[in-house]
Amino acid sequence: MRKIINLIAASGFFVASLVGVQSVRADDVMDRILQRGELRVGVQTQGEPVSFVDKNGERSGLAIDIAKMMAADLNVKLVLQDYDWKGLIPALLADKFDIIAADMTPTPQRTAQLLFSRPFFYQDTIAFVKKDSAFKTWQELNVKGLNIGGTQGGSFVTTVRDYMPEATVKEFASGPASAQAVASGRIDGAVSSTANVASYSASFDNLRPVEGIITREPLAFATRKENIMLKFWMDNWIELHTADRKLDNMVKYWWTSTEWEKDHK
């Protein structure tokens, strides 16, 4: 009996130790951010109007403005690291930076390995085609033999697979690459957000959106699953700046209008 009691006690100490280690790890990232005086943020390299290099050669976009304000509120320096879309999650998991600041949807697969903030806004997903195409609605693209594009590793590819299962999905390294493929006639259409499609239509004068909203997706920032305090901090930050309308004003400028184009393109 004494051996059993000792074993239980030892097991309890071991579990408590693990909990203690996890608690330290959860708090550690906020301590590191404040101690080093830097908020390290991973962004995608090509993603108007979320993250891109503007006409002045400066990193700009909705995610950039949000990250800048976050760093300012923490009174630390913002350090941006550029990655292709498919490289963001692996780099975060490798502890290359603290958060992903992108138009990323917290899908079940992603939330199994990452912690997401509460959504900072929602995007409508639509399809687009060449102007001279006969297609009028996104449902008409769900046809065997059609090739529909989306960003590799992103939710737009999942949307094509889920809502256009008869079509063949074609994956591209970036949204602009899929738009160029549609404009050149290499694929029949593609799926993206309303803001992205508006931007692509301005860049390629032979593109147009088709009718209908396919999905409405929440967008959030992500951190590693042990960074609990950082996740809570981001949630609180979004709550505060939703209340004072600063976040709404940024979303309006960058996402629901084309006002940003005259300043950055």
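Reader: What places Asp-235 and Lys-231 about one turn of the helix apart?

Author: In this predicted model, both residues sit in helix H8, and four residues separate them, about one turn of the helix.

Reader: Why is the pair Asp-235 and Lys-231 called a salt bridge?

Author: Look at the gap: their closest N and O atoms are 2.6 Å apart. The cut-off is within 4 Å, so the pair gets the name. As for where they sit, Asp-235 is buried and Lys-231 is buried too.

Reader: What makes Glu-239 and Arg-118 a salt bridge?

Author: Here the closest N and O atoms are 2.2 Å apart, and the rule asks for within 4 Å. Glu-239 belongs to helix H8, while Arg-118 is in the loop between strand E6 (114-116) and strand E7 (121-130), so the bridge ties together parts 121 residues apart in sequence.

Reader: How do you know that Glu-239 is partly exposed?

Author: Its relative accessible area is 45%. Buried would need under 20% and exposed over 50%, so Glu-239 falls in between.

Reader: And why does Arg-245 count as exposed?

Author: Arg-245 has 51% relative accessibility, and the cut-off is over 50%, so it counts as exposed. You'll find Arg-245 in the loop between helix H8 (228-243) and helix H9 (246-254).

Reader: Which residue forms a salt bridge with Arg-245?

Author: That's Asp-248, with the closest N and O atoms 3.7 Å apart. Asp-248 is partly exposed, at 30% relative accessibility.

Reader: What makes the phi of Asn-75 worth a look?

Author: Phi is near 60 degrees there, a positive value, and Asn-75 isn't a glycine. Asn-75 is also exposed, at 72% relative accessibility.

Technical notes. Residues are numbered from 1 along each chain as its sequence is written. This is a predicted model: local features need pLDDT of at least 70, side-chain atom pairs count only at pLDDT 80 or more; totals for chains, interfaces and linings use all residues. Side-chain values use heavy atoms; hydrogens and water are left out. Buried means under 20% relative accessible area, exposed over 50%, partly exposed in between (1.4 Å probe, protein chains only). Helices (H or I, at least four residues) and strands (E, at least two) are DSSP runs, numbered from the N terminus. A salt bridge is a side-chain nitrogen of Lys or Arg within 4 Å of a carboxyl oxygen of Asp or Glu.
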